[in-house]
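Hi,

Here is the structure I promised to pass on.

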Amino acid sequence: MGRFWSLVFLSIPILGVAIFIWSAMGWYPLEGHWFPERVVANSSIDHLFYVILALTGIVFIGTGLLMFWFLWKYDGKHHEGPVFYSHGSHYLEVLWSVIPAILLLFLAIYQMDAWAGARMRRPMLENGQPKPPIARVTGRQFEWKIQYPGADQKLDTADDIYLVNELHVPRDEEIVLEITAEDVLHSFFLPNFREKQDVVPGMKQYVWFKPVKDGKFDIVCAELCGWGHYKMKGQITVESRSDYDAWLKKAYDDQELSEFTLAEAE
Amino acid sequence: MHISQAPEFGGRHWAGGLVLTALIGVIVGCSSEPAKFEPNRIAMHKAEITLGITLDPKYQVEPIAKILSDSFGTPDEPIVPEVEDIDQVFDLEHLKMAAGPYGSEEDGTPRGLYRQHCVHCHGITGNGRGPTAAFLNPYPRDFRMGKYKWKSTKTGTPPTHDDLRRVISDGVPGTAMPSFKLLPAEEIEALTQYVKYLSLRGELERNLLLEFSDLDCSVVKPADQRTKEEQEYVASLSPEEIQEETDDLNSAVEELTDPEVVNEDFLAPLVEGWAYAFEDVTEVPEKPESELKESLAVGRDLFFNKGGCATCHGQSALGDGQTAENFYDDWTEEYYDPKDPSQLEGFLALGALPPRKLDPRNLRLGNFRGGRRPVDVYWRIRNGIEGAKMPAAQQLSEEEIWHVVDYVRRGLPYDSLSQPPEHEQENVRVRN
């Protein structure tokens with residue numbers, strides 16, 4: 001056997017990297033295993049992902065090669081020299097503590113702007129007030145309840161529009177959503193918008209983004225919330241302002257349906 | 001120094017493990033039995049208690065099961081009974097999409113939608129007693145009575161196709177029934193038809209049970225299972241008379257199980273009700289123009305006085321009016337009589353869910369189970385809610401109902417007790 005094991009261990013990082021590249025390129029049969037299409041202008045999350053991927057990728061490949069080299073060189077059947085004990089090397093220990101520490105510190109500082117953009121710099125109105133949410137999204141086992149404030153722009157008033165699993169937003173505008181949960185922990189996840197936030201019952205939170213591309217995209221739950229978690233799925237539609245206004249008006253009119261004749265029943 | 005080597009690759013241990021894995025796979029994979037519809041044991045037990053009899057397996061229980069499987073098939077292989085107008089209720093193509101185990105055809109047509117989406121709450125028979133049912137409040141609907149709450153038709157008539165479709169699509173807010181809005185229209189159609197299929201099957205089973213439980217089976221029972229009265233009765237008969245009674249019983253069962261009789265006398269009236277439900281829709285006249293403020297004042301007056309709403313929904317509409325009396329819905333009252341709870345144990349042993357009190361709705365949550373459109377609220381008030389204790393408001397005119405609709409939808413405040421103010425945490429940290 002001998003060097004067989006060193007080759008087996010080498011095959012693990014090679015296989016890992018190969019699968020990774022394969023899916024990143026979207027080659028058969030690993031299509032659709034990489035990022036879904038991004039529909040917001042802000043690419044800071046993607047950028048952070050790639051920076052961390054590059055760092056960890058280099059470390060992963062380096063460690064794999066190093067382990068292979070040791071196994072190969074010091075194989076019992078081929079290595080004739082005396083055994084050398086390296087345990088307790090002060091220099092090595094300082095080296096492998098300080099370098100990762102510097103890398104982590106770099107990441108901690110490097111990501112601060114992305115974090116602030118996602119969590120602190122809420123879009124403002126011209127008068128300096130925080131922009132009010134366009135809708136409230138409430139997670140509930142197992143659906144997303146959507147509540148639009150209606151004509152008066154205030155939530156929890158008589159002209160609110162109530163929908164389920166169906167969120168529409170206008171394109172090219174800063175969108176603020178109020179998100180909360182009704183029963184248990186959920187996580188509001190918009191894969192195409194690079195937006196993910198746990199929602200907590202009784203806690204009001206805001207997320208914001210600026211969609212730049214029309215289309216229908218998934219709203220999913222990213223926190224195991226019960227047996228139906230996997231099918232807790234909504235749909236967000238990005239459309240032009242005029243389409244959005246027309247849709248909202250229609251939703252309101254449907255909700256205010258005040259007449260029903262037999263002809264409609266058939 | 002000898003350094004021990006890792007064990008050699010391969011060998012008999014590996015092969016043995018593979019064989020064992022394959023064996024377990026074969027056993028587990030092949031031993032699952034096809035799904036079966038359960039008999040309505042609750043209704044059977046109820047009939048036994050009310051009539052003071054024991055149903056005879058051969059003459060009363062098995063014939064019903066046979067008729068049902070002949071008319072409706074099995075959960076894997078549904079059949080469309082050959083009755084007039086059945087094509088207005090469901091068709092085989094859609095039933096097959098909803099029935100059977102979860103999967104899809106080679107061309108991508110989905111299969112087993114009911115088992116994918118509904119079965120864990122509503123159960124394979126549609127009895128509302130799937131594995132998760134016991135944890136839910138309210139309990140999932142038992143389809144077998146054919147009664148539905150959220151519909152546009154009067155109490156006693158089936159819901160329209162559109163009523164059922166809307167419940168599946170929008171869900172029922174305030175209950176565990178979620179929205180299936182994102183399913184393709186064809187799949188919602190298949191599920192709607194399958195709900196009707198289970199309802200129709202359940203209703204037929206009930207009606208047959210009424211008929212079969214009326215048969216006197218005392219002569220054919222084993223002697224040790226007869227009641228005292230039956231024993232005396234059988235003892236008083238001569239052997240010829242016993243033979244005559246047995247023949248009568250056999251011919252009665254034969255007649256009832258005749259497919260033509262089943263279709264004509266039992267199924268046809270049920271199918272007609274479902275097929276033409278849309279003709280029974282309560283029309284909603286256009287809402288009269290009125291100043292909202294005045295309408296609310298009139299509605300408020302009706303709510304407390306002529307409408308009588310406050311007696312149950314409470315002085316402040318919190319649903320706390322009728323606290324003295326214990327109400328239960330029709331599905332519970334079938335096996336539970338709050339005035340005589342002594343029989344409950346027997347039903348619970350048969351799988352009935354522990355009774356839950358029916359509370360009048362708290363109207364201040366802004367939560368409308370049957371839909372918040374004005375027409376929905378109008379139907380609730382005009383027709384009442386079938387199966388629940390909400391009565392139809394016969395005493396109110398159309399215009400008056402519209403005022404109450406306004407009051408219920410617009411005139412009640414969101415209540416801070418039932419809807420506590422939320423934690424106003426923003427995503428900003430205030431630094432000093």
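Below is what I found, starting with the ground rules.

This is a predicted model, in which local features need pLDDT of at least 70 and side-chain atom pairs count only at pLDDT 80 or more, while totals for chains, interfaces and linings use all residues. Residues are numbered from 1 along each chain as its sequence is written, and chains are lettered from A and ligands numbered from 1 in the order in which they are written.

In chain A there is an open sheet of 5 strands, ordered 3-2-1-5-8 with mixed pairing (strands are DSSP runs of E with at least two residues, helices are runs of H or I with at least four, both numbered from the N terminus; two strands pair if DSSP finds at least two bridges between them). Strand 3 (161-164) and strand 8 (205-209) of chain A each have a single partner strand, so one side of each lacks a neighbour in the sheet. Strand 2 (residues 143-148) of chain A runs antiparallel to strand 3 of chain A, over 4 bridges, and A:Ile146 stands opposite A:Leu163.

On to chain B, where the domain assignment (automatic or from a database) gives domain 1 (18-209) and domain 2 (292-321 + 360-414). Their centres, taken over C-alpha atoms, are 33 Å apart. In chain B, 11 residues of domain 1 are in contact with 13 residues of domain 2 (contact means C-beta atoms, placed from the backbone, within 7 Å).

Happy to talk it through!

How values were computed:
Two residues are in contact if their C-beta atoms, placed from the backbone, lie within 7 Å.
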